[in-house]
Amino acid sequence: MDASPTGIGILVDERELISRVLAGDPAAERELYDAHVDRVYRLAYRMTGSEEEASEYTQDAFVKAFEKLGTFRAEASVGTWLHSITVSVVLNGLRKSKLKRKRETDLDTALDVSVGPTPVEPWIRRRLRAAMDSLSDRYRMVFVMHDVEGYTHQEIGTAMGVAVGTSKSMLFRARAHLREQLADVAKEYAQ
């Protein structure tokens, strides 16, 4: 793979991989899946707070992606395209289930999924969970995708079907809401 700053080698490799998948190469399908499954799963897990639902939505996202791979136009990276599909699959699944679900996973459980957990006081976790639960689904999604998972605003915009400026505005509002909700925690923890 070309490590050039332009990323041209990456685009060529992605196009080649997609061509192989479309030609029916099972090894190429596995390679595409393996390259993206962890990040897709983490996004689904963060959005649902459930390992079972995250696994289901991850598989659904890949089924949908493989069905639609012929429509991929390479305007964004395959990863961004897959994450857009994942967001759509998860939101549609959550709408269909209409369950009052736990919006973010218990932070103790999330530490098992993440790398290098940092110990956090249980009462802070409860307050953070409550503050995150008070965000709208879209604000929470932008916050998690940007501040937790490290997506760019361009990737978030593509995944959610919104402009980059809208993504930035939603993140600003989500952070402001969380600061307001957690102001007393910040004061107490600083003492």
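**Helix packing, aromatic pairs and selected residues**

Glu53 lies in helix 3 (helices, H or I of at least four residues, and strands, E of at least two, are DSSP runs numbered from the N terminus). At 17% relative accessibility, Glu53 counts as buried (buried is under 20% relative accessible area, exposed over 50% and partly exposed in between, with a 1.4 Å probe and protein chains only). The model is predicted, so that local features need pLDDT of at least 70 and side-chain atom pairs count only at pLDDT 80 or more, while totals for chains, interfaces and linings use all residues. Residues are numbered from 1 along each chain as its sequence is written, and side-chain values use heavy atoms, with hydrogens and water left out.

- Leaving aside neighbours within four places in sequence, Glu53 is in contact (heavy atoms within 4.5 Å) with Thr48 and Leu94.
- His36, which is found in helix 2, is likewise buried, with a relative accessible area of 15%.
- Not counting residues up to four places away in sequence, His36 touches Phe62, Val78, Gly79 and Leu82.

**Aromatic rings**

- A search of the whole structure finds four aromatic pairs (rings of Phe, Tyr and Trp, the last by its six-membered ring, with centres within 6.5 Å; planes under 30 degrees apart are stacked, over 60 edge-to-face and the rest tilted).
- One of these is the stacked pair of Tyr41 and Tyr45, with 6.0 Å from centre to centre and 20 degrees between the planes.
- Both of these tyrosines, Tyr41 and Tyr45, belong to helix 2 (residues 26-48), where they are four residues apart, or about one turn of the helix, and Tyr45 is buried, with a relative accessible area of 2%.
- The rings of Phe62 and Phe66 have centres 6.3 Å apart and planes at 35 degrees, so this pair is tilted.
- Phe62 and Phe66 both lie in helix 3 (residues 51-68), again four residues apart and about one turn of the helix.
- Phe62 counts as buried at 3% relative accessibility, whereas Phe66 is partly exposed, with a relative accessible area of 28%.
- Arg39 lies over the face of Tyr151, at 4.0 Å from the ring centre (the criterion is NZ of Lys or CZ of Arg within 6 Å of the ring centre and within 35 degrees of the ring normal).

**Packing of helix 8 and helix 9**

- Helix 8 (residues 153-160) and helix 9 (residues 164-181) pack at an angle of about 105 degrees, with axes 8 Å apart (axes are lines fitted to C-alpha atoms over the stretch in contact, and angles run from 0 to 180 degrees between N-to-C directions).
- Helix 8 and helix 9 are therefore roughly perpendicular to each other (65 to 115 degrees; under 35 is roughly parallel, over 145 roughly antiparallel and the rest oblique).
- His153, Gln154, Ile156 and Met160 of helix 8 make the contact with Val164, Ser167, Lys168, Met170 and Leu171 of helix 9.

**Helix 7 and its flanks**

- The buried residues of helix 7 (residues 137-148) are Arg140, Met141, Val142, Phe143, Val144 and Met145.
- Gly150, which follows helix 7, has a positive phi near 85 degrees.
- Ser136, in the loop between helix 6 (122-133) and helix 7, is partly exposed, with a relative accessible area of 38%.
- Although Ser136 and Ala174 are 38 residues apart in sequence, their C-alpha atoms are 8.6 Å apart in space.
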